[in-house]
Amino acid sequence: MQDEPIDKEDILKELNDFHKLDYKYSEGRILGSMCTEAHPFAKEVYCKFLDTNLGDPGLFKGTKHIENEVIKSIGNLLSLERAYGNIVTGGTEANLMAIRAARNHARKYKGIKNGEIIIPSSAHFSFKKAADMLNLKIVEAKLDEHYKIDVESVRRAISENTVAIVAIAGTTELGLIDPIEEISKIAQEHNIYFHVDAAFGGFSIPFLKNLGYEVPVFDFSLDGVCSITVDPHKMGLAPIPAGGIIFRKEEYLQVMAVDSPYLTVKTQSTIVGTRLGASSAATYAIMKYFGKNGYSKLVKSLMDNTYFLKEGLENIGYDVVCEPELNIVAFNHPEIEAYELSKKLDELGWKVSVAKCPIAIRIVLMNHIKKRHLEELLEDLEKIY
Ligand SMILES: Cc1ncc(COP(=O)(O)O)c(C=O)c1O
């Protein structure tokens with residue numbers, strides 16, 4: 001740090017120069033991100049709550065009330081009348097909280113010391129971080145031929161040390177929904193904690209259902225589901241950071257509680273201490289502003305774009321890996337290898353990502369990608385073909 005203060009103007013200019021190096025969602029070239037530009041109203045509200053700290057909720061009672069209301073609304077959306085949980089930094093922290101709750105619960109009530117978690121091989125890498133931090137062993141369940149968790153593989157993976165089973169509603173790579181109803185039954189049969197990672201799908205599957213799309217049940221209407229991750233900063237159009245963790249029972253928060261002597265509350269269950277109230281306020285605002293109908297309209301337009309891209313690709317001759325269930329399309333050129341194709345697209349300014357299972361170019365049809373961007377992309381893909 002320099003000794004003397006610098007003028008605001010000079011600092012802003014310097015920062016702006018760096019910011020210019022960033023890709024902008026509005027350019028429609030970011031094709032592999034699960035985040036998007038937050039809604040302007042949500043950003044406005046976010047700024048108003050920047051100084052609030054939910055780590056010390058006795059000082060910020062109003063903002064804590066907002067967080068409780070958001071958790072209640074998301075819970076309701078997921079068929080849970082009375083929900084417990086928090087708005088956190090994202091899917092990673094939400095998954096970490098779920099697995100910590102499961103581990104502590106199993107330790108307290110079943111005496112399990114060397115816990116294991118069963119996750120599908122399609123699970124987000126946040127579970128590897130969680131297992132590492134919580135000293136748990138990962139047991140990977142296989143995928144079936146449709147890239148969804150193989151139910152029998154889960155059954156076989158269960159041991160006396162299993163503390164949690166995880167399934168995904170909206171996989172990171174392909175946007176697929178695992179057979180959650182079946183896994184929920186298995187978890188119940190064996191009395192094992194069941195977590196659903198709907199970080200991506202949680203803000204779209206309920207609306208697709210309202211629109212009449214055929215989507216599998218994935219939420220708390222299944223008795224075996226103990227917790228769900230749902231991220232407002234992905235499909236909810238809330239500003240980063242906003243992840244959501246929803247628990248069916250308060251005891252899952254209680255088993256994580258540690259004493260917090262110098263604060264206005266006696267215990268704390270979240271991983272983070274000082275934490276933003278702005279994320280909760282912005283999520284509250286955008287959920288009220290959109291309502292179910294607003295989100296349904298948004299999700300419908302994203303699915304329309306998804307099918308438009310899929311058909312466009314097939315018309316050119318590209319192989320689409322699977323029928324999209326949510327707004328992700330994964331595809332391959334019949335001859336050019338995916339990493340090579342991604343390089344060619346990168347040279348043309350398209351920022352795509354490559355899925356690992358199966359290896360394929362993956363495009364996430366978020367709100368910043370408009371039809372005109374897809375038309376330009378298809379033109380380029382046709383030239384490459
Ligand atoms: C299914 C799923 N879970 C968890 C995460 C992690 O979310 P975050 O990057 O917000 O921590 C992602 C990220 O894309 C995801 O797709």
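The exercises below work through selected features of a predicted model, each with a solution in steps.

Residues are numbered from 1 along each chain as its sequence is written. Because the model is predicted, local features need pLDDT of at least 70 and side-chain atom pairs count only at pLDDT 80 or more, whereas totals for chains, interfaces and linings use all residues, and side-chain values use heavy atoms, with hydrogens and water left out.

**Exercise 1. Aromatic contacts**

Task: Describe the geometry of the pair formed by Phe-203 and Tyr-295, and state which parts of the chain the pair links.

Solution. A pair of aromatic rings is described by the distance of the centres and the angle of the planes. Rings of Phe, Tyr and Trp (its six-membered ring) pair if their centres lie within 6.5 Å, and planes under 30 degrees apart count as stacked, over 60 as edge-to-face and the rest as tilted.

1. A search of the whole structure gives nine aromatic pairs. In the pair of Phe-203 and Tyr-295 the centres are 5.3 Å apart and the planes make an angle of 50°, so that the pair is tilted.
2. The pair links distant parts of the chain, 92 residues apart: Phe-203 is in the loop between strand 5 (193–197) and helix 8 (205–210), and Tyr-295 is in helix 10 (residues 278–316). Helices (H or I, at least four residues) and strands (E, at least two) are DSSP runs, numbered from the N terminus.
3. Phe-203 and Tyr-295 are both buried, where buried means under 20% relative accessible area, exposed over 50% and partly exposed in between (1.4 Å probe, protein chains only).
4. One aromatic cluster is formed by Phe-41, Phe-203, Phe-207, Tyr-289, Phe-290 and Tyr-295.

**Exercise 2. Charges over rings**

Task: Find which ring lies under Arg-29 and which ring lies under the charged end of Lys-371.

Solution. A charge sits over a ring if NZ of Lys or CZ of Arg is within 6 Å of the ring centre and within 35 degrees of the ring normal.

1. Arg-29 lies over the face of Trp-350, at 3.7 Å from the ring centre.
2. The charged end of Lys-371 is placed over the ring of Phe-308, at 5.0 Å from its centre.

**Exercise 3. Two pockets**

Task: Give the volume of the largest pocket and of the second largest pocket, and characterise the lining of each.

Solution. On a 1 Å grid over the protein atoms alone, a pocket is an open set of points where a 1.4 Å probe fits, with protein on both sides within 12 Å along at least five of seven lines, and lining residues have an atom within 4 Å of a point. Grid points are joined across faces, edges and corners, and a volume is the space filled by probe spheres set on the points.

1. The largest pocket holds about 590 Å³ of space. Among its 22 lining residues, Lys-64, Gly-85, Asn-86, Glu-250 and Leu-253 lie nearest its centre.
2. At least two lining residues of the largest pocket come from each of helix 3 (61–77), strand 1 (84–88), helix 9 (251–254) and strand 9 (267–268), and helix 3 gives the most, with four residues.
3. The lining of the largest pocket divides into eight nonpolar, nine polar and five charged residues; here Ala, Val, Leu, Ile, Met, Phe, Trp, Tyr, Cys and Pro count as nonpolar, Asp, Glu, Lys and Arg as charged, and the others, Gly among them, as polar.
4. The second largest pocket holds about 340 Å³ and is lined by 18 residues, of which Ser-121, Ser-122, Ala-123, His-124 and Glu-173 lie nearest its centre. Nine nonpolar, five polar and four charged residues make up the lining of the second largest pocket.

**Exercise 4. A sheet and a cis peptide bond**

Task: Determine the strand order of the open sheet of four strands, and locate Pro-358 relative to its strands.

Solution. Two strands pair if DSSP finds at least two bridges between them.

1. The order is 10-11-13-12, with antiparallel pairing, and strand 10 (319–320) and strand 12 (353–356) are the edge strands, each pairing on one side only.
2. Strand 12 and strand 13 (residues 359–364) pair over four bridges, and Lys-356 stands opposite Ile-359 in strand 13.
3. Pro-358 lies in the loop between strand 12 and strand 13, and the peptide bond from Cys-357 to Pro-358 is cis, with omega near 0°.
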